[in-house]
Amino acid sequence: MRAAVLMEAGGSLEVIELSPTAVGPHEVLVETKASGICHSDAALMAAPAGFLPVPLVLGHEGAGVVVDVGGEVRDLKVGDRVIASWVPSCGTCFWCMRGQTNLCQSFSLGSERAPWLLADGTPVRTQLGLGTMAELMLGHERSFVKVDTDLPDEALALVGCGVSTGALAAMRAAPVTPGDTVAVFGCGGIGTSVIQGARIAGAVT
């Protein structure tokens with residue numbers, strides 16, 4: 001399996017071959033169909049030594065198809081199309097039941113295991129438990145969201161970060177309410193998603 005790996009802090013990405021570890025009971029193996037490149041990926045590449053666990057497969061914005069599942073996976077099956085989610089949530093804890101999945105008690109960013117190995121056996125971790133800049137992703141089932149849509153993979157990949165970041169900035173962080181007038185400064189990928197979120201929330205102009 002080929003992946004774009006950050007071998008050292010401040011270095012460049014290297015496309016190298018990695019070997020998988022066994023699929024865990026609550027994990028899924030996903031064939032990556034598309035991966036976005038987020039500004040935060042570039043920021044991580046420039047981070048100082050000690051900030052990241054290297055070697056590290058980068059990428060947190062992707063989409064693909066499930067090709068294998070662990071023995072205790074219940075909500076996903078082989079063949080499902082999925083979007084990678086860099087903020088997994090259990091769906092059952094106190095905070096998840098209140099709709100505040102970002103405060104989930106069962107998951108914490110940066111606690112993911114190393115699913116890949118270099119040729120010499122060195123473990124390789126993935127950015128936010130995903131590592132979308134690779135031919136395969138191996139992570140917890142809650143890090144992938146099943147979708148049933150005809151949208152192309154390259155569009156689905158963007159939903160995992162850029163689209164949701166922009167849309168939810170308007171719908172949750174602002175929050176925009178029906179009848180509001182909204183101004184958006186900068187209409188790149190995130191800005192256009194802010195506009196979509198504002199429109200969904202009921203903005204009039």
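1. A search of the whole structure finds one aromatic pair. The rings of F94 and W95 have centres 4.9 Å apart and planes at 80 degrees, so the pair is edge-to-face. Rings of Phe, Tyr and Trp (its six-membered ring) pair if their centres lie within 6.5 Å, and planes under 30 degrees apart count as stacked, over 60 as edge-to-face and the rest as tilted. W95 is partly exposed, at 27% relative accessible area; the classes are buried under 20%, exposed over 50% and partly exposed in between, with a 1.4 Å probe and protein chains only.

2. On the basis of the note: this is a predicted model, in which local features need pLDDT of at least 70 and side-chain atom pairs count only at pLDDT 80 or more, while totals for chains, interfaces and linings use all residues. Residues are numbered from 1 along each chain as its sequence is written, and side-chain values use heavy atoms, with hydrogens and water left out.

3. An open sheet of six strands runs in the order β2-β1-β5-β9-β8-β3, with mixed pairing. β2 and β3 (19-20) stand at the edges with a single partner strand each, so one side of each has no neighbour in the sheet. Strands (E, at least two residues) and helices (H or I, at least four) are DSSP runs numbered from the N terminus, and two strands pair if DSSP finds at least two bridges between them.

4. Strands β1 (residues 2-6) and β2 (residues 13-17) are antiparallel, paired over five bridges. A3 stands opposite I16 of β2. The two strands form a hairpin with six residues between them, and G10 in the turn has a positive phi of about 75 degrees. Elsewhere, β5 (residues 56-57) and β9 (residues 123-126) pair in the parallel sense over two bridges, with V57 opposite T126 in β9.

5. E17 belongs to strand β2 and counts as exposed, at 52% relative accessibility. Not counting residues up to four places away in sequence, E17 touches M1 and R2, where contact means heavy atoms within 4.5 Å. E17 and P53 are 36 residues apart in sequence and 19 Å apart in space, C-alpha to C-alpha.

6. The largest pocket has a volume of about 900 Å³. A pocket here is an open set of points on a 1 Å grid over the protein atoms alone, where a 1.4 Å probe fits, with protein on both sides within 12 Å along at least five of seven lines; lining residues have an atom within 4 Å of a point. Grid points are joined across faces, edges and corners, and the volume is the space filled by probe spheres set on the points.

7. The pocket lining has 31 residues, with S85, V87, T101, S164 and L168 nearest the centre. Two or more lining residues come from each of β7 (81-84), β11 (144-147) and α3 (153-173), and α3 gives the largest share, eight residues. The lining divides into 16 nonpolar, 10 polar and five charged residues; Ala, Val, Leu, Ile, Met, Phe, Trp, Tyr, Cys and Pro count as nonpolar, Asp, Glu, Lys and Arg as charged, and the others, Gly among them, as polar.

8. S85 lies in the loop between β7 and α2 (94-97) and is buried, at 17% relative accessible area. Leaving aside neighbours within four places in sequence, S85 is in contact with L130, S143 and V145. S89 is placed in the loop between β7 and α2 and is buried at 14%. Beyond four places in sequence, S89 touches C96, T101, C104, F107 and R142.
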